[in-house]
Amino acid sequence: MYSQNIYDQLKVLSDTLRVQIQTQKLENAKKTVFKIDAVSRNSKEDSILGYVNKLKGNYFYRISDYENAMKYWLEASRQYENSNDSLETSKIYNNISLILNSSGEYRESLVLKKKALTYCPVSVNKTWNLSLLQNIGSTYLYLKKHDSSMYYLKKSYQIARELNSNRHLGQFHHNSSINYLNMGDYHKTIAHTDTVQKVYKEFVSRPALENSIFYSAKALFKLKMYNEALQKAEESLTMVLESGMSINAAENYGLLSSIYEKLDRDKLALDALKKSNTFRDSIYTIDKNKIVLELEKKYETEKKEKENLQLKQETAHKDLTIAKKNNIILITSLIFGLIIILLILYQLKKFKSKNQALQESIQIREKFEKELEVVRDNIAKDFHDDLGNKLARIATLSDLMISTSDNRDKENIIKALKSIKMDSDVLYKGTRDFMFSLKANSDYIEELFTYLSDFGEEFFESFNIDFFVEKHIEENIKLPYYWTRQIIMIFKEAMTNVVKHSKASMATLTIKQDDENLFLSLSDNGSGFNQKEIERKNGLANIESRAHKIKANIEIITGNQGTTISFHAELSNLSSHGKTSA
């Protein structure tokens, strides 16, 4: 009952604080923060303390004191974690990421957004999970990693469809248009901007709608559709001038000038260019005045601080002179005692450091031994599955040949010999895969892809299927233990399915790798296959099982135009050890 009473009081103060900040009554807001402290002073519950620190962080964020905002939010995140409130913990980490975003630290911001996502999966709160996915996609936009951005945006799109959230669906199409514009896919840019303007016009923000129309104009200009681009650019400019966004007006006039120039309307092009420069100059003047005001304010503050410091120094100097006359022996004793304490602390720290290093060494060794045991078990299992079964079959067929040789059953003997040859080939290739996975350099992406390419070329040549490869590797990263074996088996199974089920005449193996992700895919131009029928034969189940072992994802798309099996694994958690230049 006592805790509920405190929480009710804090809720009222929270509403008051929000109104005061919105109306710029900052002195009153500061007093409200003191009241919040007073109400919660005697509480020791993490849930209440986390709420209080969250409110303090909100206050300091609103007055642009980001250092204190981050300080209180970090404390709130710890307290919410202690009270097992994963949703509030997720929201706090997202708030901190906003500060990093505003200072251009996008990589650090991305780490915190992903951490926030781990605290709020779909099962905790689907709507907040959706917002986080879109935030991560937007941050990848700033980093110009468009594939990663689209990956998270598409995940958000599925949830937005389930929730029928028009606001989030509109934001998905808006962000997607930016991605495709930056990637140079102008047709897709127009498709997404048209969707924003025609379907979600009422649900997106005014700036998003203005930008959407402007992006349409830029894409149409790139496609040399100058009349259509002119119409969109003029529409965007009208909205920008109404909203008073000077920087956007400068960009709009600049685009209009380029369009008029292409349409041989030189006078209008020159007028638009002059207006663009005028707006840019006004923005520069505003920024310059703002900087001057900030410098003046900073100078006055530093001047006062310097005067106060000088006064304190003079007072301290007088006090010090008096103290020196009366306490020389005492100060000498204190310094001597302090030196002894520091020496003791240094020895203790040195001993603690050695002990900690020893403990870490033991833990690393134990971890390595456990990983080695898992790898050895997996190798033994694969060796038994691949080689043991085939050897047993060859032995059985050999017994059959011996038992039928007296009867001169030539047809059965030839059939048995063919089976033995086929099993021997499989056994040889399986042994070759196994031996490759044991090589020290087989864990590097370049070596793995070369091995798969060689196998595919040899394999598809036997069935008159054209085989192509596409490689986009940024860095020759060394993969973790046991990945190579699983990836080889996944794509050998996939290649076998192409031959058995697709009726294809062409297949393509593709690899894409960046700092965050590894993508591998096998595509064919066949007629597709019945996925349920293949699943009954354990083919796709084996592929998904092997991907699961290395925490990767498999996506299968099949239809009349062919089949694509895609493999995706995140590399962001791998250490930089073992990297070489691609």
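Me: How many of the eight residues of strand E3 (residues 506–513) are buried?

Reply: Please note that this is a predicted model, in which local features need pLDDT of at least 70, side-chain atom pairs count only at pLDDT 80 or more, and totals for chains, interfaces and linings use all residues. Residues are numbered from 1 along each chain as its sequence is written, and side-chain values use heavy atoms, with hydrogens and water left out. Strands (E, at least two residues) and helices (H or I, at least four) are DSSP runs, numbered from the N terminus. Buried means under 20% relative accessible area, exposed over 50%, and partly exposed in between (1.4 Å probe, protein chains only). In E3, six of the eight residues are buried, so the strand is largely enclosed by the rest of the structure.

Me: Which strands pair with E3?

Reply: Two strands pair if DSSP finds at least two bridges between them. Strand E1 (residues 466–473) runs parallel to E3 and is joined to it by eight bridges; Lys471 has Ile511 in E3 as its bridge partner. Strand E4 (residues 517–524) is antiparallel to E3, with seven bridges, and Lys512 is partnered by Phe519 in E4. Three residues lie between E3 and E4, which form a hairpin.

Me: Is E4 mostly covered or mostly open, and where does its pairing continue?

Reply: E4 is mostly covered, with six of its eight residues buried. Strand E6 (residues 562–570) pairs with E4 in the antiparallel sense over eight bridges, and Ser523 stands opposite Thr564 in E6.

Me: How are the buried residues of a helix to be read, and which are they in helix H19 (residues 539–549)?

Reply: An α-helix has 3.6 residues a turn, so residues three or four places apart point the same way. In H19 the buried residues are Gly539, Leu540, Ile543, Arg546 and Ala547. Seen down the axis of H19, they fall within an arc of 130 degrees (taken from the directions from the helix axis to the C-beta atoms), so they line one face of the helix. Just after H19, Lys551 takes a positive phi of about 55 degrees.

Me: What does UniProt list for residues 328–346?

Reply: The unreviewed UniProt entry lists these residues as "transmembrane region"; such annotations may be inferred rather than shown by experiment. In the model the span is 100% helix and 0% strand, and its end C-alpha atoms lie 27 Å apart.

Me: Is Ile344 buried or partly exposed?

Reply: Ile344, which is found in helix H14 (residues 266–405), counts as partly exposed because its relative accessibility is 48%.
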